[in-house]
Amino acid sequence: MKETDREAVATAVQRVAGMLQRPDQLDKVEQYRRREARKKASVEARLKAAIQSQLDGVRTGLSQLHNALNDVKAIQQSLADVSKDWRQSINTIESLKDVKDAVVRHSQLAAAVENLKNIFSVPEIVRETQDLIEHGELLQAHRKLMDLECSRDGLMYEQYRMDSGNTRDMTLIHSYFGSTQGLSDELAKQLWMVLQRSLVTVRRDPTLLVSVVRIIEREEKIDRRILDRKKQTGFVPPGRPKNWKEKMFTILDRTVTTRIEGTQADTRESDRMWLVRHLEIIRKYVLDDLIVAKNLLTQCFPPHYEIFRSLLRTYHQALSARMQDLAAEDLEANEIVSLLTWVLNTYTSVEMMGNAELAPEVDVALLEPLLSADVVSALLDTYMSTLTSNIIAWLRKALETDKKDWVKETEPEADQDGYYQTTLPAIVFQMFEQNLQVAAQISEDLKTKVLVLCLQQMNSFLSRYKEEAQLYRDEHLRNRQQPHCYVQYMVAVVNNCQTFKESIVSLKRKYLKHEAEEGISLSQPSMDGVLDAIAKEGCGSLLEEVFLDLEQHLNELMTKKWLLGSNAVDIICVTVEDYFNDFAKIKKPYRKRMIAEAHRRAVQEYLRAVMQKRISFRSAEERKDGAERMVREAEQLRFLFRKLASGFGEEMDSYCDTIIAIAEVIKLTDPSLLYLEVSTLVSKYPDIRDDHIGALLAMRGDASRDMKQTIIETLEQGPAQASPDYVPIFKDIMVPSLNVAKLLK
């Protein structure tokens, strides 16, 4: 206590010291004293109130404890009285056992009396129930069936309670009510028949379907009640639980599966379009069924059945199983396309599961794939393999058909611009187009794969096309009278090359995405190269035809007959122009090259005649006449090829200048200047060889052996360098097998 007083005094001193820190605060001492007195009085009042409250609580608790003690004593006395009475009544309870047994028997007899009327009327109720079932009165029939089952189950339960081991009485009751199970089975059969046709029934007679659902619901309640009682008593009546709700969904599942499988009305043998028809019927049936289920069937079933969701799942599973069965069959390429298009696109489109009438209950984004990725991949591999074989066969057949046209007696058809063509490019690219359109229906990836396949097979096909064009030319050269329209069809072959190039570009532009273009663009240059090679060989074959006809007239050049006044060049020009009238049917890119090649070849053949040493001029007069004639004929050829090339906007004169340059060497009158003239010729045409110069000097006829030797040896010491854009013209001109030494003699 003293410690507490000291702490209180110390605290008070501290507070006073805090309040009296400045001299001016001494004036407020009285004010501080009154404030502290008020606080002290307030604290004392609160303490008194708290102590008083605690004392009242203790007083109340003591009073309640006293009352509880009195109650415990009273209960103890009552228990002692009850125990005494119980000991005195034990003998009395044992003497009432007979009464208890009598009560049990009375209860059983009361149940028997209660069911007696039903027991005697069982045969009649069975007949009535049978009639009701036959007349379709299913609700009433079920009511009577429930009465029969209730009577049977009640009797059997009482027998089970009285003597569960008495099987003879149980068998007797079961035998007496034996027809009840038959009625139940017959009623169930009628219910399943209605459920199998539920999508039809709900439109014609929804009341019947509602009755069936009510009956199933009643049976479900009875099953639940029986199972609950089994937990308490262990007794289960025969035929329970019926599980008709579970069987109902099983029936619906089987009905859906049968309906989908039953839509296949045709086979491949009877109808090539059997699968398309089968899938279209499935689409129509499933869509119609689901719309009916959503709008009508859900109104006939309790909400907790979730009948639409259940049917949707059932249809999806049945469709998946059917698609897998179809995928396992040996399908043709077009059938694989039909199946994959239906599975990957049609199924989730607005034509089926994405239909507005099924929303929002059906969300196509949540539907599982009808076919697994492995099955789809296997089908695509089979399709690509079959398509490859088909394309090869189609291309081979198209080429064989085109080859038959090449030997016809009639000219090929012309396009809208008048260019000869055959049907081959149209047939080939129509086939490609059809396959690409089909592939595009399935997926972008498959479309790209098919395009790559088409381009690859096109590459191989062009090689065969090239070989066949060569064989066509070789066959014609063996007998130039056959085929009758060789030139026209060779023109068509050349034009086909341009058509192929344009079609390939068009096909890629139409069916190839920009991001995938780089992956297969490498095939384009190689195909362009093959097509250009075919066209080049075709143009070469046509020019070969021209120069075979000109051979006789070319042989007249640089002969005595030519010098005396031959019209060989006139005939050559007329013949070339006549041929190029036919060649006007060649498309411009190739016709332009062909004119240039014909120009070069004509000049080359003219120069070859110069190098053949067919004539040797004996006088300056002859050299002058020959040179002037060469210049005139060069101008004739220049005029001809300018005329032929007039539509291309380019001049092609340089080749004819070669003839004029040769004429200048021949025309030269001063032999001492011959070296200079020949040097100029060699510098202008670097591919001219010493044998060419020897033949040219031999044709002049006035160059001495030493002069020839000097000119050739001097030129050999410093050969001219060709410019990068120089086109050789003497390179392919061969001089007859006379060595230079012999020419120099």
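Look for disulfides anywhere in this structure and you come back with zero, a disulfide being a pair of cysteine sulfur atoms within 2.5 Å. This is a predicted model, where local features need pLDDT of at least 70, side-chain atom pairs count only at pLDDT 80 or more, and totals for chains, interfaces and linings use all residues. Residues are numbered from 1 along each chain as its sequence is written, and side-chain values use heavy atoms, with hydrogens and water left out.

Take Cys-497: the closest cysteine sulfur belongs to Cys-539 and sits 8.5 Å away, so the two are too far apart for a bond. Cys-497 is also buried, at a relative accessible area of 0%. (Buried means under 20% relative accessible area, exposed over 50%, and partly exposed in between, with a 1.4 Å probe and protein chains only.) Cys-300 counts as buried too, with 10%.

Now for a couple of arginines. Arg-283 is found in helix α11, residues 274-295; helices here are DSSP runs of H or I with at least four residues, numbered from the N terminus. With a relative accessible area of 14%, Arg-283 is buried. Setting aside neighbours within four places in sequence, Arg-283 is in contact with Trp-342, Thr-346, Glu-351 and Met-352, where contact means heavy atoms within 4.5 Å. Thr-346 is 63 residues away along the chain, yet its C-alpha atom is 8.4 Å from that of Arg-283. As for Glu-351, its backbone oxygen lies 2.8 Å from a polar atom of the Arg-283 side chain.

Arg-629, in helix α23 (residues 620-644), is buried as well, at 13% relative accessibility. Its side chain reaches the backbone oxygen of Trp-562 at 3.0 Å. Beyond the neighbours within four places in sequence, Arg-629 is in contact with Trp-562, Gly-565, Ser-566, Asn-567 and Tyr-606.

Finally, a helix pair. The axes of α13 (residues 333-346) and α15 (residues 424-442) come within 8 Å and cross at roughly 30°. Those axes are lines fitted to C-alpha atoms over the stretch in contact, with angles running from 0 to 180 degrees between N-to-C directions. That makes α13 roughly parallel to α15, the label for angles under 35 degrees. On the α13 side, Val-337, Leu-340, Thr-341, Leu-344 and Asn-345 meet Val-438, Gln-441 and Ile-442 of α15. The residues of this contact divide into five nonpolar, three polar and no charged; Ala, Val, Leu, Ile, Met, Phe, Trp, Tyr, Cys and Pro count as nonpolar, Asp, Glu, Lys and Arg as charged, and the others, Gly among them, as polar.

Notes
Helices (H or I, at least four residues) and strands (E, at least two) are DSSP runs, numbered from the N terminus. Angles under 35 degrees count as roughly parallel, over 145 as roughly antiparallel, 65 to 115 as roughly perpendicular and the rest as oblique. A polar contact is a pair of N or O atoms within 3.5 Å; within protein, one must be able to donate a hydrogen and the other to accept it, and residues adjacent in sequence count only if both atoms are side-chain atoms.
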